[in-house]
Amino acid sequence: MGKRIMLFLLTNMMVLLTIVIVFSILSLFGVNLGAYNYGAGTLNLVPLLIISAVIGFAGSFISLAMSRFIAKKAMNVKVIDPDNPGSQAEKMVVEKVHRLCRRAGLTHMPEVGIYQSAEVNAFATGPTKKRSLVSVSTGLLQSMDDDAVEGVIAHEVAHVANGDMITMTLLQGIVNTFVVFLARVVAFAVSRFVNENMRPIIHFLAIIVFQILFSILGSIVVAAYSRYREYHADRGGADLAGKDKMAHALRSLQNYVDRVDTEQSSMQTLKINNKPSAAAMLFSSHPPLEDRIRRLEQG
C-alpha cells in the first residue's frame, strides 16, 4: 500500500532533478538570476533561497499533477466505467468506492480502477479530491473476503477525503526547497577548491550529486509524515466502514505481507513489510501492520 507515496516520491525526484539540470545548464551560460558571482567568489543566499523555493514547489506540484497519470501507467491500471462495469467484481469495487465516498462527504466520485497483480494491494492518488483515483489489485479481490476488501477501500477513500496528497505535496515542496538550497551551497563550497576555469563545470556536477543525496535524505522526512498519515487514514477507514472491518482488513493484510509479484521485481522496496529493519523503517511510507492494528484498537 506504499505505492501511492513511493510513486509520488520517485516522480518528484525525477521532475526536480530535470528542473535543476535545466537551471544548472543555464547558469553555465551566465543565467543564474543573481544567486552566484563566480568572479567575486560569492554566493547570494537570499536570491538563492527564493530560486530554491520556486524550483522546489514547482517540482512538487508538477509531480502532484502527474500522479494519477503516472500511477495508471506504472501499475497498468484499468479504469472501470461506472455506468458499464465489465464484470461483477468491477461492479462491486465501484459500488463500494462510491458508497464510501458519499459517506465521507465527497461530492465528486474518484476514478476507480483494477490492476493485474498477485499482490494484495490498493492505493489512492490524484492531484485533487475531484481528480482522484482509487485502485485495487486483482490479488486483493481474489484473496480477501468482502469485509476485508471494504476495509481496505475505506482506508484509501479516507486518504482522498483527508486530502493527504495535497498536504504531502506541500511538505515535499518545503523539503525540495531545502534540498535545492543546500545542494547549491555545498556545491558552491566544493567548487572553490578547483581551478577557476573549471569551477562552473565542477559546480554543475556537484549540484547533481548533492541534489540526489539530499533528495534521498529528504525522503526520510516525507516517509515519516506518511507513516503518521497512515494511522489517521486507518481511523478514517474505521469511521467509514466500521472499526471491525478496518481491523479485519489489517489483520487480513498480515497474511499476505510476503506475497511477491515477480513481474514487478523492481518495485520490491515498495511492498508491505510487517517487520521492516530499523534502516528500512526510515524510508518506509507505512508503519508495521501490528502497530497499526494496536493503535486502531486502542483508539
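## Crossing of α5 and α7

Helices α5 and α7 cross in a right-handed sense. This description rests on a predicted model. The axes of α5 and α7 come within 7 Å, and the crossing angle is roughly 115 degrees.

On the α5 side, the contact comprises E150, G151, A154, H155, V157, A158, H159 and N162. These residues meet R229, E230, H232, A233, D234, G236, G237, L240 and A241 of α7. Sorted by class, the contact of α5 with α7 has six nonpolar, seven polar and four charged residues.

## Crossing of α3 and α5

Helix α5, which covers residues 146-162, also packs against helix α3, residues 88-103. Their axes come within 10 Å and cross at roughly 50 degrees; α3 and α5 are therefore oblique to each other. The crossing in which α3 passes α5 is right-handed.

From α3, the residues in contact are M92, V93, K96, V97, R99, L100 and C101. Their partners in α5 are D146, V149, E150, I153, A154 and V157. The residues of this contact divide into nine nonpolar and four charged, with no polar residue. Among the α5 residues named here, E150, A154 and V157 meet α3, and E150, A154 and V157 also meet α7.

## Crossing of α7 and α10

Helix α7 spans residues 199-241 and helix α10 spans residues 289-298. The two pack at an angle of about 50 degrees, with their axes 10 Å apart. In consequence, α7 and α10 are oblique to each other, and α7 passes α10 in a right-handed crossing.

In this contact, α7 contributes E230, Y231, D234, R235 and A238, while α10 contributes D291, R292, R295 and L296. By class, the contact of α7 with α10 has three nonpolar and six charged residues, and no polar ones. E230 and D234 of α7 take part in this contact, and E230 and D234 are also among the α7 residues that meet α5.

The model contains five cavities of 30 Å³ or more. The second largest cavity has a volume of about 90 Å³. It is lined by 13 residues, of which G126, H159, V160, G163 and M165 are the closest to its centre.

Which elements give two or more residues to the lining of the second largest cavity? They are β5 (122-125), α5 and α6 (164-191). The largest share, three residues, comes from α6. By class, the lining of the second largest cavity has four nonpolar, six polar and three charged residues.

Note on methods: Residues numbered from 1 in each chain as written. Predicted model: local features only at pLDDT ≥ 70, side-chain atom pairs only at ≥ 80, totals over all residues. Heavy atoms only, no water. Axes fitted to C-alpha atoms, helices over the stretch in contact; angles between N-to-C directions. Helix = DSSP H or I, 4+ residues; strand = E, 2+ residues; numbered from the N terminus. Parallel < 35°, antiparallel > 145°, perpendicular 65-115°, else oblique. Left-handed = near helix turned anticlockwise from the far one by under 90°. Contact = heavy atoms within 4.5 Å. Nonpolar A, V, L, I, M, F, W, Y, C, P; charged D, E, K, R; others polar. 1 Å grid on protein atoms, 1.4 Å probe; cavity = no way out; pocket = protein on both sides within 12 Å on 5 of 7 lines; lining within 4 Å. Points joined across faces, edges and corners; volume = space filled by probe spheres on them.
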